[in-house]
Amino acid sequence: MKRVVHVPRYSDVGAVLQTEYDRLAKAAVPELLLVTDLSLEADAVQFIRSFAAANLKRPEERRHRLVVLDHHVSSKEHLAAKGLEPLASAEAASSVYDIGDPHVHLSIGIDRSATRLLFESRQLFADRTLEPVLEERLGALVRAIDAYDMWRKADPSFRQGVLVNEVLWESASAYVPPGHPWHDRFIGDLLMAIAAELQTGASPSEIELKVPELRKSIVDALLSDEPDDDRSLTMRARLYAALSRAPALFRTLSDGTKLSFGLDGGVFQAVSDHIMERGDTDRIINAARGGGMSFRSRNGTALEAARKFRGGGHADSAGGKLPNGSAFSLADAAAQIEPILCPPAPKEADSPFAALKNWKS
């Protein structure tokens, strides 16, 4: 995959899909969009229909491909509410829908996890043939995830799924946050390392003891080309120093404030300290998806800024709330914050005294 979009909340699905729709409408070359595990409510169903209608108007050689794989019962209900029923097939494990565009594949398999659906349907979006060793390793990981996600407690793989779930969630944002180019590599390498341990037959508690070592080996590889990496520091401290130099995690507002989005609180505190210590900026803000805002500064302006967002706190460490109550992306957060934090200067022509400027008695 060239580009991965994480959707951490179902309430963000509509806005994220609309952003993708607008982007693809302007794309000159055909792209493949893979949508998984989103729970297809009314806005998602509308996206699929709008995508197909717009896609059919593009020249054949420029048409995009859309693959939608889901496993929620409610998805079938929302599709039916929009007049979409699955094609009749007694053999298919998943319900397949005809959207009117052969470039769109939509299937729902309610008896399996989205991870398993993805693994079993990979021929729809990938042409790579897996080596037997890799196929077996991925299969072990998929079985564990599938048993846990579908809550099949009697399945022997369920206990392994508990371990995988714990490792995933404690590692998803506290090390390399979503939005950084290393995130998917870090999580992918960690899950593959766990998969290799699952294959050995080790118990979940035995694998749990190895997780810190596995994480550290992955971080060592990520930081191998970092010239200022200090291996005498803790693994997280080393990571945070590198993350503080990552342009992808920040947007610089017009007044020089740096804005990040959705960072874990500990990550933000450490990363912002590195940034200000280098003198890159005097103030940094982190906006959370749920609407919370954290302000850090080195010149006493954190509180000044926080007050503009119904907030308070200390001179260099304060909190506030996003105007809309939540955000779904860095761009969304910036669009809410910039007009309030950095309002444009009033135009001279708008002044009631502008007409008198050149007046002479």
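Colleague: Hi! Which residues form one aromatic cluster here?
Modeller: Tyr21, Phe47 and Phe51 do. Keep in mind that this is a predicted model, where local features need pLDDT of at least 70 and side-chain atom pairs count only at pLDDT 80 or more, while totals for chains, interfaces and linings use all residues. Residues are numbered from 1 along each chain as its sequence is written, and side-chain values use heavy atoms, with hydrogens and water left out.

Colleague: How many aromatic pairs does the structure hold?
Modeller: There are 7 aromatic pairs. One of them joins Phe47 and Phe51, with 6.0 Å from centre to centre and 50° between the planes, which is a tilted arrangement. As for the cut-offs, rings of Phe, Tyr and Trp (its six-membered ring) pair if their centres lie within 6.5 Å; planes under 30 degrees apart count as stacked, over 60 as edge-to-face and the rest as tilted.

Colleague: And where do Phe47 and Phe51 lie?
Modeller: Both are in helix H2, residues 42-56, and they sit 4 residues apart, about one turn of the helix. Helices (H or I, at least four residues) and strands (E, at least two) are DSSP runs, numbered from the N terminus.

Colleague: Are those two buried or exposed?
Modeller: Phe47 and Phe51 are both buried. That word means under 20% relative accessible area; exposed is over 50%, and partly exposed is in between (1.4 Å probe, protein chains only).

Colleague: Why is the pair of Phe295 and Phe309 called tilted?
Modeller: Because the ring centres of Phe295 and Phe309 are 6.0 Å apart and the planes meet at 35°. Phe295 belongs to strand E8, whereas Phe309 is in the loop between helix H11 (302-306) and strand E9 (312-313), so this pair ties together parts that are 14 residues apart in sequence. Phe295 counts as buried at 0% relative accessibility, and Phe309 is buried too, at 2%.

Colleague: Switching to charges: how many salt bridges does the structure hold?
Modeller: The count is 23 salt bridges, each being a side-chain nitrogen of Lys or Arg within 4 Å of a carboxyl oxygen of Asp or Glu. Among them, Glu31 bridges to Arg23, with the closest N and O atoms 3.0 Å apart. Glu31 is partly exposed at 27% relative accessible area, and Arg23 is partly exposed at 27%.

Colleague: What about Lys210, which residue does it form a salt bridge with?
Modeller: With Glu197, and the closest N and O atoms there are 3.1 Å apart. This one links distant parts of the chain, 13 residues apart: Lys210 is in helix H8 (residues 204-222) and Glu197 in helix H7 (residues 183-199). Lys210 is partly exposed at 38% relative accessibility, but Glu197 is buried at 14%.

Colleague: Now Arg289. Is it buried or exposed?
Modeller: Arg289 is buried, yet it has no salt bridge; Asp12 is the nearest side chain of opposite charge, 4.7 Å away. Arg289 is in the loop between strand E7 (283-287) and strand E8 (292-297).

Colleague: What does Arg289 touch?
Modeller: Leaving out residues up to four places away in sequence, Arg289 touches Pro8, Arg9, Asp12, Phe261, Gly262, Ser326 and Ala327. A contact here means heavy atoms within 4.5 Å.

Colleague: One backbone thing: what is phi of Asp37 near?
Modeller: Near 55°, a positive value in a residue other than glycine. Ser39, also not a glycine, has a positive phi of about 60°. Asp37 lies in the loop between strand E1 (32-36) and H2, and Ser39 is in the loop between E1 and H2. Asp37 is partly exposed at 29% relative accessible area, while Ser39 is buried at 9%.

Colleague: Last one: how many helices and strands does the chain have?
Modeller: It has 12 helices and 10 strands. Buried residues make up 41% of its 361 residues, and the C-alpha atoms fill a box of roughly 90 × 60 × 35 Å along the principal axes.

Key
Lys and Arg count as positive and Asp and Glu as negative; His and the chain ends are not counted.
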